[in-house]
Amino acid sequence: MRRGANKPPEPDDPLCCCEYVDRKGGRSHVAACCCDCEDLDDACDRWLKRESQKADSLSQVTDTVTDRLRVPWIKGAKRLDLSLLPPLLLLPILLRIAALHVFLGAVVLIALPGMVLWYYYFTHRKKGRTLFFLSLALFSLAYMYYLFVTEIVSRGDVTSTQLATVTTGVILTLISLIHTKRGPGYVKPHLSDTHSTVTYHSPLPDKDSAHLNGVRHQVVIANRGAALEHRANDGAVEAAPKQTDNKKKNWCTWCRIVRPPRAGHCRICSACIQRLDHHCVWINSCVGRANHRSFLMTLLLFLLTSLYGISLVLRNVCPRQNVLIALLYCPGVYSQYSSALCFTCAWYSSIVTGGLLHLLLLQLINVSYNVTEREARLALREKTGRSLLGGLIIDTGVYSQGFRNNWAEFLTMADDSEPSSPTFTELV
Ligand SMILES: [Zn+2]
Ligand SMILES: [Zn+2]
């Protein structure tokens, strides 16, 4: 069933809807999911011979199994990421259990963020990509909207203008998210960087390729003498050592390119990103020069929609209380299951909103000081920045030109990257 295994696809022989390029670069077929697994064969052999398993044998088999879970798709089968499923199954079950009793509600609403945080640190340590957080964010938004329409709007207390406002907020958040997912702005290899003879002392990786948006890019390191010679002839001899120093400092050993200032390499995305801020698990992508503004816009739209939705729900289930007090004290809300479910969801949304409000606040402070999240962390580690308000503000003082100029630079910074069209699997 496996056609041309371990051979990369030829340009003149494109993939059919049931074929794909596997994690080892070979051409494979969805029907070959149960055979030809060397890792599994090796693990079984060792088990039958009662030999000890290799340290990474379980992760190798897991990687092969997850790589082979595919659905037929146009121009090649798409990988099915199982990390999508837990939020879809667990969130409705846990929220419905939490609505049964106030104590169950407290346990679930404390345990749920705890589990999400644990999973975050678990995946962060492995530097692996996961759709769990994006799936949780999107499904939470969809599920909260569904409950709002079915449980609150159906009672007849919400006006059509209020419903239209919440619906518009949800749609605008999704549009802004799609825009953010178009890409953070990948660093493109410059011709002079890839044709230089400078020997950098950083250890070079074994691999000579980088993956950008799932596409392998080959970087050529050759004919470096010509570039230096050319510069010398142009009278740039004095500037050459300084340039070489900068290049050495900005050399990415994974992508084998010289990064522009403020760019950084993301080990999760396996790419260098222009003006890298951070890798955001909630959008399953980096935040960089090309999508930083739309990232902040997504956060802002989500927070406004969420706060408005929560206030409408609380006004409905606790009509006699002030909205802020209703979240803490709403007598009799657990006497009716529908009201208890809405109240639990208002609490869940408030916890998510609180977390994202904190993130937005940090982002706004960083922009005001012209510092990226990556630069702030590096400055803290190397003790080169000024830490104010208990670490809430990190001022490196390198790029800051005053509050107004920093915001003007942020709002007008050019996006010279080529936007990539996100695929369906990237959006879900
Ligand atoms: Zn890189
Ligand atoms: Zn990244």
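**View 1. Confidence along the predicted chain.** The protein chain averages 77, and 76% of the residues score at least 70. Over residues 195-239 pLDDT stays under 50, and the model has 54 contacts beyond four places in sequence for them; two residues are in contact if their C-beta atoms, placed from the backbone, lie within 7 Å. Residues are numbered from 1 along each chain as its sequence is written, with chains lettered from A and ligands numbered from 1 in the order in which they are written. As the model is predicted, local features need pLDDT of at least 70 and side-chain atom pairs count only at pLDDT 80 or more, whereas totals for chains, interfaces and linings use all residues.

**View 2. The largest nonpolar core.** Such a core is a set of buried Ala, Val, Leu, Ile, Met, Phe, Trp, Tyr and Cys residues joined through C-beta atoms within 7 Å. A residue is buried if 20 or more other C-beta atoms lie within 10 Å of its own, exposed if 12 or fewer, and partly exposed in between. This core has 57 residues, of which C272, I273, V313, C342 and A346 touch the most other members. Helix α5 gives the most, with 11 residues. Domain 2 (84-184 + 289-427) and domain 3 (191-258) both contribute residues, so the core lies between them; the domain bounds come from an automatic or database domain assignment.

**View 3. Around A346.** Leaving aside neighbours within four places in sequence, A346 is in contact with I310, V313, L314 and L327.

**View 4. Helix α5 and its packing.** The buried residues of α5 include F132, L141 and I152, and the buried residues of this helix pack against α3, α4 (102-126), α6, α10 and α12.

View 5. G156 sits in the loop between α5 and α6. With 7 C-beta neighbours inside 10 Å, G156 counts as exposed. G156 and N316 are 160 residues apart in sequence, yet 9.9 Å apart in space, C-alpha to C-alpha.

Terms used: Helices (H or I, at least four residues) and strands (E, at least two) are DSSP runs, numbered from the N terminus. pLDDT is the predictor's confidence in each residue, from 0 to 100.
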